[in-house]
Amino acid sequence: MKDIFAVEILKLKNSKILWIAILAPAFIAVQGGLNLVRYYDLFTGKGQNVWIQLYTQSMIFYVSILFPLLICVIITLIARLEHLNSCWKYYFSLPVDRGKIYIVKFIIGCAIVFIDVAAFILSVIVVGKLIGLEGPVPYETILIKPLAAYFAALPIIAIIYVLSVSYTQMALPLGIGTCSALPALLVANTKYWITYPWSYPIMAALGGDFDVFNKGSVTYIISTFLLIAVFSYGYCTFIKRDIA
């Protein structure tokens, strides 16, 4: 499996996936900082923690729109490396285990999404320092909640991964991922949020800021079961399917 990791990482060397994962959340953090500066008195007029306000202004747009879209782009681009020129059949002509290929690609996809979340966290802190926010940085919020959103988003990663590996055209996983992400914030404000995986990261990232998002540990329990179910289905389908 170590050799498969080395090969997959080498494939990403000349791609733009990492740059997308790093720069996109930085842009959102900058937008959140500019929004805070523009409406500073409004957001802090009642004695609110200015760092929490920066986090909230950045996170609302990131977790509800950009984050799920980036998951779609990252995962589909990883799968597209094999779909181009029918590379799957050359891959499977080698003495490698299909199951290991499936696991390694999924781990790499999850790792790049994690880098994206880490870039968001770092960007929020850097933007806060640059615009001169006072007071201690609430690391327990700025660090923990984005990481919680990442774990809550693992089922989404698994769903997009299964679609991206199964279909050669990027349009299908990108279309499904995009259309599913757009109403996520609205669904998160209803009692039906539990049936909609795209609302889970929102619940995790904004929990405690608004009463409607404070759903406790149930989000992570459901995410774990859904992740196992989707990944297992995709794994079994992948090792049995004849991919040309």
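Let me begin with a question: is I9 buried or exposed? Before I answer, please note that this is a predicted model. I9 lies in helix α1, which spans residues 2-11. Its relative accessible area is 52%. The cut-off for an exposed residue is over 50%, and I9 is therefore exposed. In sequence, I9 and I108 are 99 residues apart, yet their C-alpha atoms are 8.0 Å apart in space.

A second residue, N35, lies in helix α2. N35 has a relative accessibility of 21% and so counts as partly exposed, given that buried means under 20%. Which residues does N35 touch, if those up to four places away in sequence are not counted? They are F43 and Q57. Between N35 and Q57 there are 22 residues of separation in sequence, and 7.4 Å in space from C-alpha to C-alpha.

I turn now to the interior. As a general point, nonpolar side chains tend to be buried together in soluble globular proteins. In this model, the largest nonpolar core contains 76 residues, and I71 and I157 have the most contacts inside it. Helix α4, residues 50-83, supplies the largest share of this core, namely 16 residues. What does I157 contact, leaving aside its neighbours within four places in sequence? Its partners are I71, I75, F106, C110, V113 and Y150.

Next, the helix packing. Two packed helices are described by the angle between their axes and by the distance between the axes.

Consider α4 and helix α6, the latter covering residues 98-130. Where α4 meets α6, the contact residues comprise 18 nonpolar, three polar and four charged.

Helix α2, residues 17-38, also packs with α4. Here the angle is about 155°, and the axes are 8 Å apart. That angle makes α2 roughly antiparallel to α4. The crossing of α2 and α4 is right-handed. What is the make-up by class of the contact of α2 with α4? It has 18 nonpolar and six polar residues, and no charged residues.

Key
Residues numbered from 1 in each chain as written. Predicted model: local features only at pLDDT ≥ 70, side-chain atom pairs only at ≥ 80, totals over all residues. Heavy atoms only, no water. Core = buried A, V, L, I, M, F, W, Y, C linked by side-chain atoms within 4.5 Å. Buried < 20%, exposed > 50% of the residue type's maximum accessible area, 1.4 Å probe, protein only. Helix = DSSP H or I, 4+ residues; strand = E, 2+ residues; numbered from the N terminus. Contact = heavy atoms within 4.5 Å. Axes fitted to C-alpha atoms, helices over the stretch in contact; angles between N-to-C directions. Nonpolar A, V, L, I, M, F, W, Y, C, P; charged D, E, K, R; others polar. Parallel < 35°, antiparallel > 145°, perpendicular 65-115°, else oblique. Left-handed = near helix turned anticlockwise from the far one by under 90°.
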